[in-house]
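I opened this notebook to record what I looked up in one structure. The entries follow the order in which I checked things.

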Amino acid sequence: MESRTQGAGVPGSRRPRVGPVAGAAVMATGIVSVGCHLVGAEVLSRVLLGVAAVGWVVLVGVFLGHFFGEREQWWAESRTAASLTGVAGTAVVGTRSVLLGWTTVGWVLLGVAAVSWVGLLPQVVRRLGRRVPGSAYLTCVATQSLGVLGATLAAATGVTWPLPVAVVLLVAGFGLYVLVLLHFDFHQLKEGAGDHWVACGALAISALAAGKLTAASGGPPKWAEPLRPWLLAVTFVLLLAALAWYAVIAVAELRWPRPAYDPRRWATVFPLGMTAVAALTAAGEAGPATSGWLEPLGRVLLWVAVAVWALVAAGLVRRLARGALRRTP
């Protein structure tokens with residue numbers, strides 16, 4: 001895990017590279033697609049899934065190109081927290097695929113994400129510095145994304161073995177969150193180029209993982225039933241913490257505006273979308289008194305995420321267009 005000035009890629013570096021940019025964009029687009037599905041905006045959801053799938057193919061192509069053609073660069077990038085965008089992006093696309101009924105795709109992407117996580121996470125954790133940017137929270141995000149996909153597959157297929165694994169990942173992911181929080185450079189709230197939002201997104205995906213487990217605990221296996229009240233409590237505690245981070249970072253953005261496009265802004269879209277999805281999921285497990293305000297809040301946060309996604313996508317298109325013009329003789 002890189003310090004504030006180390007590493008390459010997005011989020012969390014000075015010179016972003018295509019692979020991590022694609023990974024962050026896939027994460028962001030995929031989770032906004034999930035949110036649109038939850039509120040019934042199915043056409044938009046599927047369009048965004050298609051965009052995320054294209055981004056994922058680009059990500060895989062860049063990964064293989066670096067692995068076979070630029071091994072030293074691949075090795076250097078694999079040690080940065082930004083490399084974990086590939087794990088989380090793969091798991092998010094897998095989760096949306098399962099919601100469409102494509103469970104085979106979900107199992108394949110779970111395997112790809114899990115193997116990548118095992119290979120990348122230890123290298124990233126070993127590089128934890130004294131002061132780290134928001135991208136360091138991707139250690140938590142990548143871990144929880146596996147639990148979310150596993151629990152989604154369990155609910156869709158009736159296969160129960162992913163559930164205890166997801167519980168372990170939930171605990172491990174939160175442990176990684178605390179570890180990073182102890183080293184987080186809070187100056188990023190003023191200076192961050194977008195990845196500082198992952199401090200919120202990591203808690204939001206933890207809440208989503210707990211919410212998915214809460215939903216799964218209502219059915220087989222029977223051993224999970226006693227855990228339901230505890231999982232529901234954990235879901236709401238993590239969600240409230242994520243909402244608090246959301247408010248703090250939003251105020252910081254208003255106090256110290258950063259309107260210029262930066263590729264790390266894809267790491268802003270992801271937490272916005274993830275907080276909305278976590279709120280909508282928690283509302284589905286809560287009683288009427290809570291869901292009465294939580295579900296509308298989730299909808300509002302989702303459309304905020306959609307709007308910011310559109311702004312960041314427009315910034316990317318302008319950046320690519322300017323680059324193409326400069327290369328034109």
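Entry 1, a term to settle. I call a crossing left-handed if the near helix is turned anticlockwise from the far one by less than a right angle, and right-handed if clockwise. I also noted that the model is a predicted one.

I counted 12 helices and zero strands. Read along the sequence, the pattern is α-α-α-α-α-α-α-α-α-α-α-α. I found that buried residues make up 55% of the 329 residues. Of the contacts with a separation of 6 or more, I found that 83% join residues 24 or more positions apart.

I looked up helix 9, residues 198-216, against helix 10 and found an angle of about 160°, with the axes 8 Å apart. Angles over 145 degrees count as roughly antiparallel, so helix 9 and helix 10 are roughly antiparallel to each other. Their crossing is left-handed. From helix 9 the contact takes in A199, C200, L203, A204, S206, A207, A210, G211, L213, T214 and A215. From helix 10 I listed R228, L231, L232, V234, T235, L238, L239, A241, A242, W245, Y246 and I249. Sorted by class, the residues of this contact are 18 nonpolar, four polar and one charged.

I then checked helix 9 against helix 11, which spans residues 266-285. The two pack at an angle of about 30°, and their axes are 8 Å apart. Angles under 35 degrees count as roughly parallel, so I put helix 9 and helix 11 down as roughly parallel to each other. Helix 9 passes helix 11 in a left-handed crossing. On the helix 9 side, the residues that meet helix 11 include V198, G201, I205, L208 and K212. On the helix 11 side they include A267, F270, P271, M274 and E285. I noted 13 nonpolar, five polar and two charged residues in this contact.

Among the contact residues are T85, V87, A88 and A91 of helix 4 and L138, V141, A142 and S145 of helix 6.

I placed G173 in helix 7, residues 162-181. Is G173 buried or exposed? I found G173 buried, with a relative accessible area of 0%. Leaving out residues up to four places away in sequence, G173 touches C140, T143 and Q144. I also looked up S145, which is 28 residues from G173 along the chain; the C-alpha atoms of the two are separated by 9.4 Å.

I placed E253 in helix 10, residues 228-255. Buried means under 20% relative accessible area, so E253, at 14%, counts as buried. Which side chain makes a polar contact with the side chain of E253? I found that of H196, at 3.0 Å. With residues up to four places away in sequence not counted, E253 touches H196, W197, R258 and R265.

Key. Residues numbered from 1 in each chain as written. Predicted model: local features only at pLDDT ≥ 70, side-chain atom pairs only at ≥ 80, totals over all residues. Heavy atoms only, no water. Helix = DSSP H or I, 4+ residues; strand = E, 2+ residues; numbered from the N terminus. Buried < 20%, exposed > 50% of the residue type's maximum accessible area, 1.4 Å probe, protein only. Polar contact = N/O pair within 3.5 Å; in protein donor to acceptor, adjacent residues only side chain to side chain. Contact = heavy atoms within 4.5 Å. Axes fitted to C-alpha atoms, helices over the stretch in contact; angles between N-to-C directions. Parallel < 35°, antiparallel > 145°, perpendicular 65-115°, else oblique. Nonpolar A, V, L, I, M, F, W, Y, C, P; charged D, E, K, R; others polar.
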